[in-house]
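Let's go through a structure together, one feature at a time. Have the model open beside you as you read.

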Amino acid sequence: MPENTKPKSGFNTRIIHSEYISPDGFAAFPVAIHHASTVLFDSVASMRERSWLDKSTYTYGLHGTPTSFTLEARLTEIERGEHCLLTPSGLAAITLVNMAFLLSGDHVLIPDNVYGPSRDQADWLSRSFGINVSYYDPLIGADIAALIQENTRLIWLEAPGSVSMEVPDVPAICAAAHARGVLVALDNTWSAGIAFAAFEHGVDIIMQALTKYQSGGSDVLMGAVITRDKELNNRLLLAHMRLGFGVGMDDVYLVLRNLPTLQLRFNAHDQSARKVAAWLANRPEISKVLHPALPDCPGHEIWQRDFTGAGGLFSVLFDAKYGEEQTDRFVDSLKLFKLGYSWGGAHSLCVPYRMQHMRTKWSEHGILVRFNIGLEDAQDLITDIEQALATLT
Ligand SMILES: *Cc1c(COP(=O)(O)O)cnc(C)c1O
């Protein structure tokens, strides 16, 4: 119908349906932010034909848009995997793995130094959902074989534990697990997928809190689960849909925007953290520096054997003669280091922990304080710690 004879639609219809067709030929580096709940189909036939399990196409915003598919592809590349699913937080990625692979009556082995909210979730699964949970010594290595039961389905690993920093023997634990047909999932957040090649060391399922280094801006919560095996990914996909784990595309964009500098930032955090850690190792107030690249750290030799870097997160144990009142004063006296959870951003952070409340077994006496070394000048961070240490006496 010629334009001038077309019946004029009403105002409300026009503001909804008027269409601007952009000219071809636009090219730029940023990934486009495709927001969508509804995804459109050409015909009923194509609607019926498409399956949300098929990620070579689109069905509904919950399962992704080109923006989230791009981030999934890049994370797959970083970890040298085959499949990736995004979740609304790192903890949600842990939930996804637990829901995909554990049924009531199953047994799961979790390291005693696991990320706190992950432990809380496991205790909840045990109390309310009939899943049997055992905590194991993170330095157990091949002896984990003795803890594997008939109904053990999954072994979690954290390398290293993000508070007390023990570095587990990942290949030994994976070998023992696989000998009994048990899956191994690794929380690989500490290494950002840069400093530890998890699949090469035998891990089946990698979980990342993208909230940390991948986002790098202290402004996004997101997680990812990465696998190589299609069957494992299919089970994760089903659980992902059933749990309704969609992610916001603006957040996905923020992560994509910061990914190109991931390695540069990680290396900068690593260099500064080693300077600060080495300085702390010479201080009389500190009894141990729990930094995987330093010999005080349990599992240091395993870190040397298996890892290629360390990032910015480590902890110290104060001399046992200092009580909590004094170490709290130390933390409160820091000026550049801010008090807050999380890590991987540009700002340095510090958190004191009450280890006795967090662990089944903890035999150290001094108080543990964790540092996230940001991107400030290392010397300024050292000067800040030095003035705060002076408040101890
Ligand atoms: C932060 C963190 C998580 C959880 O990530 P969120 O996005 O904060 O839920 C999981 N594991 C480790 C080791 C973490 O540090």
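Q: What should I know before I start?
A: This is a predicted model: local features need pLDDT of at least 70, side-chain atom pairs count only at pLDDT 80 or more, and totals for chains, interfaces and linings use all residues. Residues are numbered from 1 along each chain as its sequence is written, and side-chain values use heavy atoms, with hydrogens and water left out.

Q: Which residues are the closest to the ligand?
A: A residue counts as near if one of its heavy atoms lies within 4 Å of the molecule. Here 13 residues surround the ligand, and the closest are G90, L91, D187, T211 and K212.

Q: Which side-chain or backbone atoms lie by an oxygen atom of the ligand?
A: For polar contacts, look for a pair of N or O atoms within 3.5 Å. A polar side-chain atom of K212 lies 2.5 Å from a ligand oxygen, and one of W343 lies 3.1 Å from an oxygen atom of the ligand. L91 uses its backbone instead, with an N or O atom 2.9 Å from a ligand oxygen.

Q: How much of the ligand does the protein bury?
A: Accessible areas come from the Shrake-Rupley method with a 1.4 Å probe. Taken alone the ligand exposes 380 Å², and the protein buries 92% of that.

Q: How do I read an aromatic pair?
A: Two things describe a pair of aromatic rings: the distance of the centres and the angle of the planes. Rings of Phe, Tyr and Trp (its six-membered ring) pair if their centres lie within 6.5 Å; planes under 30 degrees apart count as stacked, over 60 as edge-to-face and the rest as tilted. The whole structure has eleven such pairs. Among them, Y58 and F69 are stacked, 5.3 Å centre to centre with 20° between the planes.

Technical notes
Polar contact = N/O pair within 3.5 Å; in protein donor to acceptor, adjacent residues only side chain to side chain.
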